[in-house]
Amino acid sequence: MAYFRLTAALGNFYDADMKIYTYKGCSTCRNAVKWLHNKGHVFEELPIREQPPTHQELETMLNHVGGQLRRLFNSSGQDYRSMGLKDRLPQLSTSEALDLLQQNGNLIKRPFLLTDDWGTVGFKESVWSEHLG
């Protein structure tokens with residue numbers, strides 16, 4: 001089930017296509033959401049495990065990270081390790097890797113943020129400030 005979060009404080013601007021995929025148990029995700037709220041952004045928050053990004057969103061993000069497929073993966077996660085992806089990933093086609101991510105939200109690096117013209121995985125305040133203000 002998706003959940004939707006909007007801020008309505010005076011002075012906010014509407015980010016028509018800002019989506020952030022998060023995991024509720026992830027402190028980095030909570031910090032990212034808090035940062036967005038503090039900056040007055042309006043966004044849709046989606047649970048990455050229950051509703052992973054679409055194949056198209058993953059392709060879009062891959063372009064935003066310079067085609068570096070490994071950057072989309074949560075390489076410190078149990079699923080990544082148990083599936084032996086450190087060794088398997090180089091042999092997978094881009095399509096196979098994106099299918100794997102789309103089928104298992106645990107494999108995706110989070111938070112996963114897409115706007116209408118920018119996207120990133122992980123939360124680095126300096127990078128987010130540069131692109132989102």
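Visitor: What makes Arg49 count as lying over the face of Tyr23?

Guide: Keep in mind that this is a predicted model. Arg49 is placed over the face of Tyr23, 3.8 Å from the ring centre. The distance cut-off for a charge over a ring is within 6 Å, with a second limit of within 35 degrees of the ring normal, so the 3.8 Å value for Arg49 passes the distance part.

Visitor: Why is the pair of Phe123 and Trp128 called edge-to-face?

Guide: Look at the two values: the ring centres are 4.7 Å apart and the planes sit at 85 degrees. Pairing needs centres within 6.5 Å, and planes over 60 degrees apart count as edge-to-face, so Phe123 and Trp128 get that label. A search of the whole structure turns up five aromatic pairs. Ring pairs also join Trp35, Phe123 and Trp128 into a cluster.

Visitor: Is Trp128 buried or exposed, and how do you know?

Guide: Buried: its relative accessibility is 0%, and the cut-off is under 20%.

Visitor: How do you know that the buried residues of α1 line one face of the helix?

Guide: The residues in question are Cys29, Ala32, Val33, Trp35 and Leu36. Viewed down the axis of α1, they fall within an arc of 160 degrees, so they line one face. Lys34 and Asn38 are exposed on the other side of α1.

Note on methods:
Residues are numbered from 1 along each chain as its sequence is written. This is a predicted model: local features need pLDDT of at least 70, side-chain atom pairs count only at pLDDT 80 or more; totals for chains, interfaces and linings use all residues. Side-chain values use heavy atoms; hydrogens and water are left out. Buried means under 20% relative accessible area, exposed over 50%, partly exposed in between (1.4 Å probe, protein chains only). Helices (H or I, at least four residues) and strands (E, at least two) are DSSP runs, numbered from the N terminus. The arc is that of the directions from the helix axis to the C-beta atoms. Rings of Phe, Tyr and Trp (its six-membered ring) pair if their centres lie within 6.5 Å; planes under 30 degrees apart count as stacked, over 60 as edge-to-face and the rest as tilted.
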